[in-house]
2 protein chains.
Amino acid sequence: MDSDYGVPRELSEVQKKRALYQPELPPCLQGTTVRVEYGDAAIAADAAGAHVISHAFPHTYGQPLAHFLRKTANVPDAKVISEHPTVRVGVVFCGRQSPGGHNVIWGLHEAIKAHNLKSKLIGFLGGTDGLLAQKTLEITDDVLSSYKNQGGYDMLGRTKDQIRTTEQVNGAMASCQALKLDALVIIGGVTSNTDAAQLAETFAEAKCATKVVGVPVTLNGDLKNQFVETTVGFDTICKVNSQLISNVCTDALSAEKYYYFIRLMGRKASHVALECTLQSHPNMVILGEEVAASKLTIFDITKQICDAVQARAEKDKNHGVVLIPEGLVESIPELYALLQEIHGLHGKGVSMENISSQLSPWASALFEFLPPFIRKQLLLHPESDDSAQLSQIETEKLLAQLVETEMNRRLKEGTYKGKKFNAICHFFGYQARGALPSKFDCDYAYVLGHVCYHILAAGLNGYLATVTNLKSPVNKWRCGAAPISSMMTVKRWSRGPAATQIGKPAVHIASVDLKGKAFELLRNNSSSFLMEDIYRNPGPLQFEGPGADSKPISLCVEDQDYMGRIKKLQEYLEKVKGIVKPGCSQDVLKAALSAMSSVTETLAIMTSSSTGQAPSL
Amino acid sequence: MDSDYGVPRELSEVQKKRALYQPELPPCLQGTTVRVEYGDAAIAADAAGAHVISHAFPHTYGQPLAHFLRKTANVPDAKVISEHPTVRVGVVFCGRQSPGGHNVIWGLHEAIKAHNLKSKLIGFLGGTDGLLAQKTLEITDDVLSSYKNQGGYDMLGRTKDQIRTTEQVNGAMASCQALKLDALVIIGGVTSNTDAAQLAETFAEAKCATKVVGVPVTLNGDLKNQFVETTVGFDTICKVNSQLISNVCTDALSAEKYYYFIRLMGRKASHVALECTLQSHPNMVILGEEVAASKLTIFDITKQICDAVQARAEKDKNHGVVLIPEGLVESIPELYALLQEIHGLHGKGVSMENISSQLSPWASALFEFLPPFIRKQLLLHPESDDSAQLSQIETEKLLAQLVETEMNRRLKEGTYKGKKFNAICHFFGYQARGALPSKFDCDYAYVLGHVCYHILAAGLNGYLATVTNLKSPVNKWRCGAAPISSMMTVKRWSRGPAATQIGKPAVHIASVDLKGKAFELLRNNSSSFLMEDIYRNPGPLQFEGPGADSKPISLCVEDQDYMGRIKKLQEYLEKVKGIVKPGCSQDVLKAALSAMSSVTETLAIMTSSSTGQAPSL
């Protein structure tokens with residue numbers, strides 16, 4: 001199996017040209033000196049959970065933010081690291097592949113070698129399985145040559161996405177010690193980075209010398225918080241999917257006889273669906289977050305789509321495109337409850353055939369109502385993170401079928417007078433996951449790889465590599481690191497088998513912010529999207545010419561420069577200090593006191609009230 | 001409904017740049033003089049059917065080939081047309097949309113206006129429905145502006161793909177007469193061009209002044225013969241699909257746990273599947289033509305895939321990608337027979353619920369063996385051309401299920417020792433059909449549009465616009481026209497309702513040539529594709545930089561310059577004439593006589609033996 005890993009391979013013309021693409025580095029990562037400035041201790045945005053988190057991560061919670069600075073930056077108390085001893089670094093792909101993963105390894109390799117040619121980067125083969133079994137491949141220029149700027153995780157492979165049980169954690173530690181690793185870099189999403197934080201804590205506790213560094217790589221775009229603006233792979237996935245969605249929109253408009261129901265990969269949150277909607281302008285999107293907020297049932301959603309079909313038919317439009325995030329099924333209250341019951345029975349060891357007979361009367365009634373294909377899919381074993389097997393549950397087919405039944409009823413009844421409703425269903429996911437990464441993802445991943453080296457040079461443990469100000473050009477990007485534990489929240493309520501996770505801190509899964517600017521953009525346009533067919537085709541992913549440098553719309557419209565704004569605030573505070581010095585006038589002091597007392601009071605109130613389930617980031 | 005047609009719309013950055021792209025014209029189409037050279041009368045390659053065809057098309061069969069020449073070409077007997085009276089031309093999209101269709105209209109419009117500014121191009125709205133109902137839109141620069149080099153057929157729309165019944169043909173004639181059209185241009189595939197030939201014949205018979213011109217536009221790539229090297233849209237579809245297939249290959253290799261079964265749109269023939277295989281190097285492709293030639297049953301195919309899975313598992317490979325053309329189901333003998341029985345019962349008016357009970361015992365046994373989802377799909381009404389609804393029949397799921405069952409059996413039995421077989425199924429079709437056309441398709445379609453004007457300027461009726469030598473750069477392309485009737489064959493055997501088409505000439509549907517070079521390329525590589533995972537990613541369709549100018553591999557490897565070779569032969573004959581003139585030596589005459597008698601004898605034998613079903617083109 002491993003004989004194929006890291007083997008050079010035949011590349012197409014486009015792949016070859018991509019392999020030659022050299023991403024830029026922001027000024028703070030250039031040269032061979034690492035300059036790091038520490039900020040305040042980072043706290044979890046989940047104020048109510050902070051106590052639990054600090055308890056669970058005594059060695060790694062409350063560490064300061066780190067900012068990496070350019071050589072010429074005028075920051076007197078920055079730490080300068082110019083000695084670079086030989087290091088041995090391990091790197092592993094965890095969880096689902098996301099376009100750009102290879103570039104993290106490339107960037108990391110380049111940074112390691114630039115600082116000390118004798119240092120080594122060791123890749124684990126076959127993901128966490130390889131980590132535990134110490135199956136490795138030394139990363140060299142030769143190995144990298146046909147994987148630079150290429151999609152997939154096939155240079156090293158990946159398997160399971162867990163390092164969670166005591167056995168797994170100890171196995172990982174044994175590997176790191178046996179291989180004498182100075183650092184272990186974990187490339188993955190929310191689950192893998194939660195594991196990374198746990199490893200870091202355990203290693204620190206056990207005085208294992210290996211530092212653990214996480215990198216935010218997931219197509220779902222749901223590892224997003226004060227410190228992380230977007231994840232590697234999200235841009236590519238949205239571009240590939242948007243192209244296909246737009247093609248289908250054009251098809252719908254040309255043939256004028258089909259409704260396309262398209263389900264999009266992206267796990268629980270609807271980020272991919274939102275971004276694709278802003279790119280392609282399909283007629284409708286059913287965001288899981290809206291459904292959850294409004295507690296819409298499957299029947300409410302069906303009615304909403306039917307009403308839209310009817311309204312469009314009245315304008316002589318008998319076609320359309322509806323997007324559905326794969327996580328929707330878990331956002332619909334009654335389906336979620338049903339899934340939880342099923343998973344609970346799985347947990348008790350009830351066999352698949354017997355589950356339906358052991359459901360509660362209410363769940364059983366819903367279950368029996370559903371078409372056979374979806375019943376079978378709902379009965380599947382849950383994933384390792386206790387969520388349903390979202391990629392296997394064809395919610396788009398369920399909705400299409402319910403809508404068809406209802407439209408036929410309306411047609412018979414005479415309330416609907418349009419053409420017979422015809423649906424075609426699609427699931428877009430696997431065909432985007434292995435795509436050649438966009439320029440943005442190539443750049444972002446490569447820079448993150450370099451940041452990882454800076455983190456380990458600074459001797460930090462339990463940090464995630466961060467790059468902010470991403471909507472600006474690369475030379476304005478700000479690089480840093482934040483403790484992973486400060487990105488965690490604590491689950492306080494849950495039903496079914498997921499209840500075992502109650503009270504356990506985990507990296508927060510960001511859902512679409514219904515108060516955010518990207519959603520606002522959707523809301524402001526949704527009625528024209530619905531009725532006017534203003535389909536837009538961003539085109540296939542381009543590597544040269546127009547469109548090649550575009551970034552996600554949802555990234556560009558959000559005011560996300562949290563780290564920049566924290567700095568700005570510090571500047572204000574310094575200014576106040578500078579003005580109100582002993583010797584300033586009574587009036588100035590009075591004004592300052594009054595203003596600052598009001599500010600602190602307001603903030604105290606706001607902070608104490610944010611004890612809800614999810615922090616508003 | 002029609003209010004939306006031809007309306008300018010918002011374009012993305014990539015779309016805008018594409019709208020500004022100006023395809024080149026080959027020298028023979030430049031300037032305002034049309035020079036046409038006529039070749040010999042074109043005959044049908046289907047020698048046995050020629051008599052039937054000439055009978056069915058007394059006015060339009062046996063017309064000469066036409067070649068359009070550059071101004072400076074030294075051909076004394078070429079006809080020069082420099083007068084260009086005002087003309088009124090109608091244009092209609094027939095059948096399924098194919099990327100590039102809009103460019104045919106753009107090229108045609110430009111050629112018409114370049115020769116006489118007062119001439120008009122009239123588009124029919126909503127396909128053949130608009131043609132019959134005389135719903136029109138005058139094509140202007142304004143209308144075209146946001147549709148140049150764009151995908152879909154949404155500038156005009158399309159509906160049904162038939163102009164076949166006497167009522168329809170008469171309706172079309174009435175429209176052409178009412179609108180005083182000098183020519184009607186029909187954009188479509190095999191079915192639509194068969195209809196175009198019929199229209200041309202009927203119009204000629206009825207002395208209707210409108211000339212009918214066909215244009216080969218279909219994503220299937222199956223309108224291919226001595227005169228037509230490829231069709232508009234085929235390149236784009238293969239590029240979009242290959243990208244997705246390659247992404248899935250990368251995904252398979254990264255995760256190492258899934259077999260992907262991907263069905264590809266493309267109707268009866270397997271051209272799309274073959275081209276995509278040559279582009280992406282997936283592990284297997286089940287070409288319908290191979291299955292038909294070897295008379296493989298569904299069980300043979302299942303066994304073949306299972307053996308491959310087993311062989312791969314022995315090399316520790318538990319993943320793979322299998323391509324399946326949508327037409328496969330009609331190439332599997334027993335499934336085809338079953339479909340024919342079902343369609344026959346449909347024809348007799350038997351309702352869907354009662355069909356299964358009226359099947360012959362043999363067909364019924366097969367039917368009952370099949371899983372319920374596929375039974376339902378097989379029972380669907382046939383298409384207008386009497387073929388099954390290929391896009392709705394999930395052959396990939398059927399095969400995946402049969403393979404899974406067999407692998408589980410082998411696992412239990414102990415003959416298979418690999419991991420549990422896991423399949424994920426895809427159908428790639430609709431998501432490619434509306435794509436932005438590739439540069440090649442943009443160029444080809446635009447040039448064909450210009451050729452249409454040359455055909456109508458020459459006053460030809462019942463011709464298809466042709467461009468040959470396509471693998472060379474645009475300035476070497478040869479433009480011409482061939483009578484559609486010479487591309488026809490006559491069905492001599494058929495069962496089921498398709499039997500009504502026996503004896504009716506129709507444009508020949510080209511299947512993959514198992515003696516051709518493209519297939520040879522596949523055959524020579526198929527064992528390394530199968531075992532070595534030499535996946536290749538042509539990348540997303542590019543409009544600039546590497547890959548932007550690539551053409552289909554299957555086009556480039558075939559020796560297709562039929563028209564060029566006909567010319568070459570004529571040169572040889574002229575040379576013989578030139579040498580063997582009265583006065584030449586006895587020996588020369590004797591040698592010439594002996595050689596020519598042998599040549600003519602050989603050819604006579606070859607021609608008389610080609611009385612099989614399909615001509616070998």
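**Rings, charges and the contact between the chains**

Guide: In this predicted model, ring pairs join Tyr258(A), Tyr260(A), Phe427(B) and Tyr430(B) into a cluster.

Visitor: How many aromatic pairs does the rule give over all chains?

Guide: The count is 24 aromatic pairs over all chains. A pair requires ring centres within 6.5 Å.

Visitor: What makes the charged end of Arg18(A) one that sits over the ring of Tyr21(A)?

Guide: The charged end of Arg18(A) lies 4.6 Å from the centre of the Tyr21(A) ring, and the distance limit is 6 Å, with a further limit of 35 degrees from the ring normal. In chain B, the charged end of Arg18(B) sits over the ring of Tyr21(B), 4.6 Å from its centre.

Visitor: Why is the pair Glu10(A) and Arg536(B) called a salt bridge?

Guide: The closest N and O atoms of Glu10(A) and Arg536(B) are 3.7 Å apart. The limit is 4 Å, so the pair qualifies. Between chain A and chain B the count is four salt bridges.

Visitor: Which elements give two or more residues to the side of chain A that touches chain B?

Guide: They are helix H1 (13–19), helix H8 (234–255), strand S12 (423–428) and helix H18 (430–433) of chain A. H8(A) gives the largest share, ten residues. The residues on this side comprise 24 nonpolar, 19 polar and 16 charged.

Visitor: What area is buried between chain A and chain B?

Guide: The buried area is about 5000 Å², and carbon and sulfur atoms give 50% of it. The contact takes 59 residues from chain A and 59 residues from chain B.

Notes: Residues are numbered from 1 along each chain as its sequence is written. Chains are lettered from A and ligands numbered from 1 in the order in which they are written. This is a predicted model: local features need pLDDT of at least 70, side-chain atom pairs count only at pLDDT 80 or more; totals for chains, interfaces and linings use all residues. Side-chain values use heavy atoms; hydrogens and water are left out. Contact means heavy atoms within 4.5 Å. Buried area is the accessible area (1.4 Å probe) that two parts lose on being put together, summed over both. A salt bridge is a side-chain nitrogen of Lys or Arg within 4 Å of a carboxyl oxygen of Asp or Glu. Helices (H or I, at least four residues) and strands (E, at least two) are DSSP runs, numbered from the N terminus. Ala, Val, Leu, Ile, Met, Phe, Trp, Tyr, Cys and Pro count as nonpolar, Asp, Glu, Lys and Arg as charged, and the others, Gly among them, as polar. Rings of Phe, Tyr and Trp (its six-membered ring) pair if their centres lie within 6.5 Å; planes under 30 degrees apart count as stacked, over 60 as edge-to-face and the rest as tilted.
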